[in-house]
Amino acid sequence: MLRPLRMAIGYIAFVAFSLGLTAPAVRAQENVIGYIKTVVPDASILVGGRTIKAIPGMPIQTGYVLKTGPQGSMGVTFRDNTMMSFGPSTELVVDEYLYAPGKGDLKLGATMARGTVQYISGVIAKLKPDAVMLKTPSGIIGVRGTRYVAMVEESRP
């Protein structure tokens, strides 16, 4: 009679323990906006002041600074299938990303400090073109098509 009770308590404890361990991982997964798909050496991500070497499959979140060095390049695919390819010496941060098409919550906003980026639009730009914006030091690019290439040169004094 005690054995089934012990088994039930053990099962409940196991489930509670498991849910407690996986809850942070589930929350972290919800914040993922895309993944690094390709990397040519000399590419990194700046997260909270720490530089992390970029590797294919690495998840990205809003606020991450995506950087390539003088010989580097990187390709990123976002949850809505937007694709960005970064050329050498590029620095870009995704400021805002909302992708909940069922609710109409769609937005992709990024700031590019320098370098080159090739952009191929995904679902966000197709459903709501005015919700995609790329800020540069000299202007703002609004997406009205499906592809563009942008180049930002560093200003010299």
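Biologist: How many bridges join β5 to strand β8, and in which sense do the two strands run?

Modeller: Two strands count as paired if DSSP finds at least two bridges between them. β5 and strand β8 (residues 91-100) run antiparallel and are joined by three bridges. L66 stands opposite L92 in β8. This is a predicted model, in which local features need pLDDT of at least 70 and side-chain atom pairs count only at pLDDT 80 or more, while totals for chains, interfaces and linings use all residues. Residues are numbered from 1 along each chain as its sequence is written, and side-chain values use heavy atoms, with hydrogens and water left out.

Biologist: With which strand does strand β2 (residues 43-47) pair, and over how many bridges?

Modeller: Strand β2 pairs with strand β5 (residues 65-68) in the antiparallel sense, over four bridges. Within that pairing, K67 of β5 is the bridge partner of S44. As a general point, side chains in a regular strand alternate between the two faces of the sheet.

Biologist: How many helices and strands does the chain have, and in what order do the elements run?

Modeller: Helices (H or I, at least four residues) and strands (E, at least two) are DSSP runs, numbered from the N terminus. The chain comes to two helices and twelve strands. From the N terminus on, the order is α-β-β-β-β-β-β-β-β-β-α-β-β-β.

Biologist: How many salt bridges are there?

Modeller: The rule asks for a side-chain nitrogen of Lys or Arg within 4 Å of a carboxyl oxygen of Asp or Glu. By this rule there are three. In one of them, R114 meets E91 at 3.0 Å, N to O. R114 belongs to strand β9 (residues 105-120) and E91 to strand β8, so this pair ties together parts that are 23 residues apart in sequence.

Biologist: Are D95 and K135 buried, partly exposed or exposed?

Modeller: Buried means under 20% relative accessible area, exposed means over 50%, and partly exposed lies in between (1.4 Å probe, protein chains only). D95 is partly exposed at 33% relative accessibility, and K135 is partly exposed at 33%. In the E96 pair, E96 is partly exposed at 36% and K107 at 32%. R114, at 21%, and E91, at 22%, are partly exposed too.

Biologist: How many aromatic pairs does the structure hold, and which rings take part?

Modeller: Rings of Phe, Tyr and Trp (its six-membered ring) pair if their centres lie within 6.5 Å; planes under 30 degrees apart count as stacked, over 60 as edge-to-face and the rest as tilted. The structure holds one aromatic pair. The ring centres of F78 and Y97 are 5.7 Å apart and the planes stand at 25°, so the pair is stacked. F78 lies in strand β6 (residues 73-78) and Y97 in strand β8, 19 residues apart, so to speak of the pair is to speak of a link between distant parts of the chain. F78 is buried at 2% relative accessible area, and Y97 is buried at 8%.

Biologist: Which residues touch the most other members of the largest nonpolar core?

Modeller: A nonpolar core is a set of buried Ala, Val, Leu, Ile, Met, Phe, Trp, Tyr and Cys residues joined through side-chain atoms within 4.5 Å. The largest has 29 residues, and I60 and L92 touch the most other members. At least two residues each come from β2, β6, β7 (83-86), β8, β9, α2 (123-127) and β10. β9 gives the most, with six residues.

Biologist: Which residues does L92 touch?

Modeller: Contact means heavy atoms within 4.5 Å. Leaving out residues up to four places away in sequence, L92 touches Y64, V65, L66, M84, F86, A110, T111, M112 and L134.
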